[in-house]
Amino acid sequence: MKKLLAMALAGVLMLGALSGCGGQSGSADSPSSGGNSGTKVVEVDFPTHWVGVSVNAPWFQERLAAFNEQYGDQIKINVEEIAGDQNYVDKMKVLYSSNSLPDAINTGGYNLIDSMKDQLVVLNDYIDDDFQKVGTDIAWEVNSRDGQIYGIPYTRQVIGYFYNKDLFAQAGIDKPAETWDEFFAQCDKLLAAGITPLSMDTADSGWVTSLMLGAMVGQTDSGEAFMNQNLPTDYNFPEFVDAVANIQKMFQKYTTSDAVGGAYENAASNFFMEETAIIANGPWMVSDFYDETLVEPGFADRVGTAMFPGGVMYNSGKIGFNIASKDPETLEATLTFVKFLSNEESQQRMLEITGDIPSMEGITSSEVKPLINEVIANGDAAAHCINDFQSLWYANVVDEISIQYPLLAQGKITPEQFAKALSDVAAKN
Amino acid sequence: MRKQPAFWRTLRFLFLGFFVLISIGPLLWIVMSSFKTNREILSSAFAPPTSFSFSGYEAALDLAPIFQFYGNSVIISVLSTLLNVIVVSMAAYVLARHKFRGSNFITLLLSVSLLIPTAALLMPIYKIMMTIGLFDTRTGLILVYAALGLPTSLFIFKSHFQSIPKELEDAAYIDGAGFFRTFFVVVFPLARSGLATGAILQFLTSWNEFMFALILTKSTKVRTLPLALNYFTSQFSFNYTAMFAALTMVILPSIIIYVLLQEQITTSMVEGSVKG
């Protein structure tokens, strides 16, 4: 009888708890409500991955506070924290399938425009000449399809590679290579000096590795055109296959044992610990060079910047903010919010806080670290300017890279098979 | 009692020592790493910290709402487990004991959901939760988790009910017990070991589940622990010290509770097999 009573009590407790669990946290799904003064406050849903250790988190917190101060009595931003870039993209895919994308989206560079543009707002009518200045022509181009604007730029992609000056000196190397033959000769010199030349990775689309791949493809005019092409479907051409062959050589000869299966943090760790001499990445990495919980004191002074051999730099626009508001009132509020995050002041603060290069021309700051200015200068001097694969290639091709790289590294597939695998996946779209 | 030869004793200690090492080693490593700086973790993963600093714990609490997520995980996992055990055990009992037209079909129908990939369930469940107003609530997650564990629990419970001698139930009926009393007073306690197995699996499923927690919630007030660990790594940055500090805060309470209650847990699991 006692047990029956205990069970009944447990049941009651559970029912009580269940009913208590129903409290919805916000009023995000309820209609916009009036404020104290009777002014209507419009709510805007904005999921963001700028949380936790994300380099953009401090910038976003600062700009959100500034926005709330200015527009808080008219617009309420419902921020949804989605930690992890890939988790963010995964959630957007589910929301897209349910036709319930949030008002504002920022993937941090992943291209969702081509797969979701039927639910995104075409922004041409809302961008006047004055606001157009927040991005260069190429920045707007990357965010447009067939003349229709689907994204608002706020930053651009300027990427070369970083090298360790001390390790270069130990191997007897004076300056970064100007051709890929010279680059591989320098790798051999580093190896001879007992230094692992390259940081590489395969997980999460092999960001660091794929930057090297794209830079090798982009050293010719036709390769450069390919690297600026939106949604390429054919990877079976000599420049690409040759570049893949070089990547295979890099995996097998010039990188660390944790490159296969490793993600960005493995590649970065090896560079921070001065176990590798070269890493390809963008200027947002520079702040880590000064973080003494990650690197030895004075590490930043030992780092140099370089453009890729052949005068190649990633120097292009980047996917910005997409908007999917469904009614005119919310759309107007969302545009106000997104335009605030993309304006000159926000871009300048982003440059200062994160090191990300503004999409607007002419923004500078005395607070910027010297290495970042070097990267910008390299971008301006590049003979071939290319865009990165995450912005332009089909999402399933980007995913496929992580599957194919380990096979390539282990010699289980040839460069031709790698190119064919990407082409086959692209053809499924 | 005859004393074992020294060789076998040594071998036994080595064997046990090996299992202790692989069981406790990773946990100790996590706790130790939570006191190291990122640089120390990267440069010498197995070396002890040069100085004990709680900065990792401060950073972890600063970066992610861990305690809130922890509380949500406890509530959601416990309640989904209770719900699953109570509801599924009743269904399993009927299906195990009473043959009726369509009982095999119902068993098959309930079991076949085990074969549906989680990814295929995401969108329909999201739409259902939005429609019935349970999106972004703990109740929504509790119901979904209880349902996700249904086929596994059904298999376990049904086989345990079938192993209980039917004569015990007949005796209860002869003594005047009704259907519900027979189930709750006679059968339920006898199946305790099977119910405990199902409950543990259900609890672990709910405790570790990530994708539904991500898709079916949007506010930090209702989110669960698996989401918290993503706050410490992103595509271009990471904080291992904070991540290990967060892991320590997450696993230590569970270990302490298990150590304190292990006698009761073991007793309750053994008890069911001999009682009745």
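**Exercise 1.** In which loop of chain B does B:D136 lie? Work out as well whether B:D136 is buried or exposed.

*Solution.* A quick note before we start: this is a predicted model.
- Step 1: find the neighbours. B:D136 sits in the loop between α6 (118–131) and α7 (138–148) of chain B.
- Step 2: check the backbone. B:D136 isn't a glycine, yet its phi is positive, near 65 degrees. Most residues other than glycine have a negative phi.
- Step 3: look at the accessibility. The relative accessibility of B:D136 is 3%. Buried means under 20%, so B:D136 counts as buried.

**Exercise 2.** Now chain A: what is the phi of A:S205, and where is A:S205 found?

*Solution.* 
- Step 1: read the angle. Phi is positive here, about 70 degrees, although A:S205 is not a glycine.
- Step 2: Look in the loop between β8 (196–198) and α9 (207–217) of chain A.
- Step 3: With a relative accessible area of 5%, A:S205 is buried.

**Exercise 3.** Is A:A192 buried or exposed?

*Solution.* 
- Step 1: locate A:A192 in helix α8 (residues 180–192) of chain A.
- Step 2: compare with the cut-off. Exposed means over 50% relative accessible area, and A:A192 has 71% relative accessibility, so A:A192 counts as exposed.
- Step 3: A:A192 and A:Y161 are 31 residues apart along the chain, and their C-alpha atoms are separated by 21 Å.

**Exercise 4.** Which way do the residues of β1(A) point, and how many bridges join β1(A) to strand β2 of chain A?

*Solution.* 
- Step 1: sort the side chains. A:V42, A:V44, A:F46 and A:T48 point one way, while A:E43, A:D45 and A:P47 point the other way.
- Step 2: check the cover. Seven of the seven residues in β1 (residues 42–48) are buried.
- Step 3: pair the strands. Seven bridges link β1(A) with β2 (residues 75–81), and the two run parallel.
- Step 4: follow the chain. From β1(A) the path goes through helix α2 (residues 57–71) to β2(A), a right-handed β-α-β crossover.

**Exercise 5.** At what angle do the axes of α8(B) and α11(B) cross?

*Solution.* 
- Step 1: take the axes. Those of α8 (residues 150–163) and α11 (residues 192–208) of chain B come within 9 Å and cross at roughly 175 degrees.
- Step 2: name the arrangement. That angle makes α8(B) roughly antiparallel to α11(B).
- Step 3: sort the contact by class. You'll find five nonpolar, eight polar and no charged residues.

Definitions and conventions: Residues numbered from 1 in each chain as written. Chains lettered and ligands numbered in written order. Predicted model: local features only at pLDDT ≥ 70, side-chain atom pairs only at ≥ 80, totals over all residues. Heavy atoms only, no water. Buried < 20%, exposed > 50% of the residue type's maximum accessible area, 1.4 Å probe, protein only. Helix = DSSP H or I, 4+ residues; strand = E, 2+ residues; numbered from the N terminus. Pairing = 2+ DSSP bridges. Right-handed = clockwise from strand over helix to strand, strands pointing away. Axes fitted to C-alpha atoms, helices over the stretch in contact; angles between N-to-C directions. Parallel < 35°, antiparallel > 145°, perpendicular 65-115°, else oblique. Nonpolar A, V, L, I, M, F, W, Y, C, P; charged D, E, K, R; others polar.
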